[in-house]
Amino acid sequence: MMENAHIRTARPSDLNALTEMEAVCFPAAEAAAEEAIARRLRAYPEHFWLLETEEGEIISFVNGLATDEPFLRDEMYENAALHQENGAWQMIFGVDTLPQYRRRGCAARLLNHVAAQARSQGRKGCVLTCKAALVHYYEKFGFVSEGISQSTHGGAVWYDMRLTF
């Protein structure tokens, strides 16, 4: 794990780095465009958790809105106005880690942090969607698969995953 890396929330100046990382981590059809990330940053920067090296390089991030809705809907990716600061559920849109930093505990560190934050904020839990190959990874953090999602984001098949506190 990156012991000297620290977690912080996003700033507007992070837009380019986040957009570039999103493009590296997801296929074009699934990656958030710069405009979508910019809207999210304006609406809920405190729901972007970044893992940053001592040198200031962002190496991993997790983001998503809070809502009272129990499932992640595709519209949430684009419509930042759906964010409810006191929402019952913390949605997780993406867990991005630069390829050269994968398998070092970066994503795990962020996921544990996000879950702890959501719990301390009185939320019911966290919700994400993932592809079949990653169901087992998220289960390690206590997420439970609820089966194939209604989401068709990027034309992929997704599984609803829920971590309930």
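**Exercises on helix packing and sheet order**

In H1, Leu-15, Asn-16, Leu-18, Thr-19 and Glu-22 meet Glu-34, Ile-37, Ala-38 and Leu-41 of H2, where contact means heavy atoms within 4.5 Å. By class, this contact of H1 with H2 has five nonpolar, two polar and two charged residues. This is a predicted model, in which local features need pLDDT of at least 70, side-chain atom pairs count only at pLDDT 80 or more, and totals for chains, interfaces and linings use all residues. Residues are numbered from 1 along each chain as its sequence is written, and side-chain values use heavy atoms, with hydrogens and water left out.

**Exercise 1.** Determine at what angle H1 and H2 pack.

**Exercise 2.** Work out the order of the strands in the open sheet.

*Solution.* The five strands follow the order E4-E5-E7-E9-E8, with mixed pairing; two strands pair if DSSP finds at least two bridges between them. Strand E4 (66-67) and strand E8 (144-148) are the edge strands, each pairing on one side only. Within the sheet, strand E5 (residues 89-92) runs parallel to strand E7 (residues 125-130), joined by four bridges, and Met-91 stands opposite Val-127 in E7.

Methods
Axes fitted to C-alpha atoms, helices over the stretch in contact; angles between N-to-C directions. Helix = DSSP H or I, 4+ residues; strand = E, 2+ residues; numbered from the N terminus. Nonpolar A, V, L, I, M, F, W, Y, C, P; charged D, E, K, R; others polar.
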